[in-house]
Protein chains: 2
Amino acid sequence: MGPNVDRRPPVMADVARLAGVSHQTVSRVLNDHPNVRAETRTRVMRAIDQLGYRRNLVARALVTKHSRTLGVVSFDTTLYGPASTVYGIEQAARDAGYFVSIVSLRTIDRAGVNDAIGYLAEQGVDGIVVVAPQRSAARALDDLPAGMPAVAVEGWHQGDVSVVSVDQVEGARLATSHLLELGHETVWHVSGPADWLEAEGRIEGWRAVLTAAGRPVPATLTGDWSPRSGYQAGKRLAAMAGDVTAVFVANDQMALGLLRAFTEEGVKVPEQISIVGFDDIPESEFFSPPLTTIRQDFGAVGRRSIDVLLRQIESGEPLPHERLVVPPQFVLRGSTAAR
Amino acid sequence: MGPNVDRRPPVMADVARLAGVSHQTVSRVLNDHPNVRAETRTRVMRAIDQLGYRRNLVARALVTKHSRTLGVVSFDTTLYGPASTVYGIEQAARDAGYFVSIVSLRTIDRAGVNDAIGYLAEQGVDGIVVVAPQRSAARALDDLPAGMPAVAVEGWHQGDVSVVSVDQVEGARLATSHLLELGHETVWHVSGPADWLEAEGRIEGWRAVLTAAGRPVPATLTGDWSPRSGYQAGKRLAAMAGDVTAVFVANDQMALGLLRAFTEEGVKVPEQISIVGFDDIPESEFFSPPLTTIRQDFGAVGRRSIDVLLRQIESGEPLPHERLVVPPQFVLRGSTAAR
DNA sequence: GGGAAGACTGTGAGCGTTAACACGACCTCT
DNA sequence: AGAGGTCGTGTTAACGCTCACAGTCTTCCC
């Protein structure tokens with residue numbers, strides 16, 4: 001048993017003692033302060049890895065008031081969209097030297113989002129990203145702790161906070177116009193669940209194109225983003241096969257469900273019915289037929305939201321709220337054909 | 001300007017002053033200490049929400065040495081498997097009153113994992129979950145900071161750390177046996193990339209069943225988990241359509257690629273070739289044909305890993321290392337048929 | 001060669017909380 | 001009635017770091 005067998009991890013003072021300097025000099029070395037003699041610096045460094053010292057960021061955060069941690073509130077990070085967005089956020093944050101603390105809500109409502117934000121605030125995050133695709137969740141942003149930098153992703157373009165999102169309306173326009181240009185009389189729509197902002201945006205874009213072209217606007221079928229709900233919608237549409245020649249489906253997973261239903265009912269895609277999806281999940285290219293869809297650049301959304309948030313944090317001032325829109329991209333594949 | 005307009009958030013002392021008690025009593029109220037008079041408690045509570053006080057967990061962590069934060073190191077949380085696992089981990093952690101700090105590696109190698117663990121350790125996490133599906137990543141667990149509770153998910157059953165994983169070998173056995181029972185002479189295999197433990201486990205189970213049954217063991221085709229790589233493998237297998245009647249594909253995404261290639265080449269599934277996948281992603285049920293596959297309960301894996309980790313953390317002692325195995329489940333659908 | 005302007009390093013205080021201990025009031029038991 | 005508890009509360013000292021300030025030691029210039 002040597003004298004030095006305490007299992008307590010070494011602290012700055014231990015390093016200082018070993019290097020024969022003051023704790024403050026160790027701090028300076030760690031923070032790349034310019035005024036440290038090169039020889040002193042190496043001596044400190046040597047002491048650091050001799051002891052296996054790691055600085056305690058908790059203590060540091062206590063005095064600096066900055067944890068270099070960002071909070072992320074999201075919903076069901078199992079889905080491709082949220083998962084990709086959160087991934088983009090995490091990457092961008094880490095590149096900027098920030099950590100990311102995540103809360104994944106099971107159900108998304110105002111109270112839940114508020115709780116999550118509260119926890120995160122206690123934990124001392126420097127800012128918060130809320131992936132709030134539902135109206136009810138977006139509203140929770142109204143009562144953020146005062147002075148807490150925040151940004152909403154895929155949220156509502158209102159009130160007190162900056163928003164970054166893919167232009168859903170434009171995406172839906174792209175999809176619907178494409179179908180009209182192929183000579184279809186009108187376009188049916190299988191939408192996402194009510195209260196989802198993305199679902200609303202896609203309905204809006206779809207309806208706008210149809211009315212602008214003076215076409216009839218069919219009633220929408222409503223799904224819940226799942227392949228199964230698409231399958232059910234597909235069964236109903238197949239029964240109307242004569243009338244329906246083109247469908248814009250609000251996401252690729254539901255589009256897959258449609259494809260399956262149509263296969264079962266002997267409806268040929270794209271010969272009898274054309275389909276356009278939304279998202280461009282990695283699978284879409286290999287559906288039968290490969291799915292024409294609208295690509296969302298989730299990575300870009302994540303990066304842009306971190307940009308906005310960090311600008312807020314680092315300025316220290318509440319900045320004017322921005323609305324950043326990432327353009328969607330039309331991806332032509334094999335599920336659409338001329339009438 | 002009143003006297004109380006400092007924008008600095010209130011601290012315990014402010015609450016104490018307002019409630020006419022000492023800061024320590026406020027602390028006791030916050031921590032549900034039994035020995036506080038009911039009347040005092042309510043007075044403190046009133047002061048707390050009058051000031052909008054939130055306790056500072058950073059300061060708390062500094063003195064208690066517990067941050068109630070867990071670190072998670074993962075790889076590409078865009079993929080369904082990792083995303084679901086991380087989701088399960090986060091849910092289980094929060095239910096237990098812990099936060100989760102996530103690092104998603106872009107590339108997975110020993111150095112990267114080590115860096116990530118280092119960052120998390122500095123940040124003061126109480127324990128670390130490493131989702132380490134690759135051999136090289138798993139090895140990084142050898143040099144964890146001393147005394148840091150940790151658990152590996154989908155990792156290697158070796159050395160110094162507990163491991164929770166789905167039984168890959170058993171899953172592959174299930175898939176291969178099913179195909180053999182249908183009367184196929186042998187089963188081909190499209191594997192995941194080398195160095196992935198899951199890929200290795202699935203090869204092992206597949207080979208074991210074939211050799212036990214005295215069947216020829218065909219050369220494996222190797223993919224990278226992506227639908228595209230499955231598509232390429234599918235093209236090669238289609239060219240051998242006479243010889244090949246059954247294929248076990250190491251994940252559902254690649255299986256989708258195979259399906260697409262076979263469709264293009266006019267090979268009928270399951271009439272000419274039977275296919276079994278692995279994972280049971282939400283889409284699989286709606287492939288054409290619906291995919292027979294092996295389901296992994298990622299949520300259970302996440303929960304179990306948090307169980308193990310928290311037991312380690314809360315005991316304070318290094319516990320004996322466990323190896324928890326979550327059983328896979330065979331899911332029969334339409335992509336397999338008797339020879 | 002005296003003084004000013006750097007370069008480099010040390011000292012002390014304080015961040016907001018909990019832990020340890022101390023203390024008075026009140027009870028219970030012999 | 002006095003000893004010994006328990007309850008409720010306050011006081012003080014950490015936790016490990018950075019900040020502000022106060023040195024000391026060079027260097028350089030007139």
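Q: Where is B:W206 found?
A: In this predicted model, B:W206 lies in helix α9 (residues 197-212) of chain B.

Q: Why is B:W206 called buried?
A: Buried means under 20% relative accessible area. B:W206 has 0% relative accessibility, so B:W206 counts as buried.

Q: What is B:W206 in contact with, beyond its neighbours within four places in sequence?
A: Contact means heavy atoms within 4.5 Å. The residues that B:W206 contacts in this way include B:A172, B:T176, B:W188, B:H189, B:P218 and B:F248. As for B:I48, 158 residues apart from B:W206 along the chain, the two C-alpha atoms are separated by 62 Å.

Q: How do you know what span is expected of helix α11 of chain B?
A: The expected span is 1.5 Å times one less than the number of residues. Helix α11 (residues 252-265) of chain B has 14 residues, and the expected value is 20 Å. From its first C-alpha to its last, α11(B) reaches 20 Å, close to that expectation.

Q: What makes α11(B) mostly covered?
A: Eleven of the 14 residues of α11(B) are buried, among them B:D252, B:M254, B:L258 and B:F262. The cover includes β6 (188-191), α10 (227-239), β8 (246-249), β9 (274-276) and β10 (293-295) of chain B. After α11(B) comes B:G266, with a positive phi near 75°.

Q: Why do β8 and β9 of chain A count as paired?
A: Two strands pair if at least two bridges are found between them. Three bridges join β8 (residues 246-249) of chain A to β9(A), so the two strands pair; they run parallel. A:V247 stands opposite A:I275 in β9(A).

Q: What makes the meeting of A:R106 and B:D95 a salt bridge?
A: The rule asks for a side-chain nitrogen of Lys or Arg within 4 Å of a carboxyl oxygen of Asp or Glu. The side chains of A:R106 and B:D95 meet at 2.8 Å, N to O, so the pair qualifies. Across the interface of chain A and chain B the rule finds six salt bridges.

Note on methods:
Residues are numbered from 1 along each chain as its sequence is written. Chains are lettered from A and ligands numbered from 1 in the order in which they are written. This is a predicted model: local features need pLDDT of at least 70, side-chain atom pairs count only at pLDDT 80 or more; totals for chains, interfaces and linings use all residues. Side-chain values use heavy atoms; hydrogens and water are left out. Helices (H or I, at least four residues) and strands (E, at least two) are DSSP runs, numbered from the N terminus. Buried means under 20% relative accessible area, exposed over 50%, partly exposed in between (1.4 Å probe, protein chains only).
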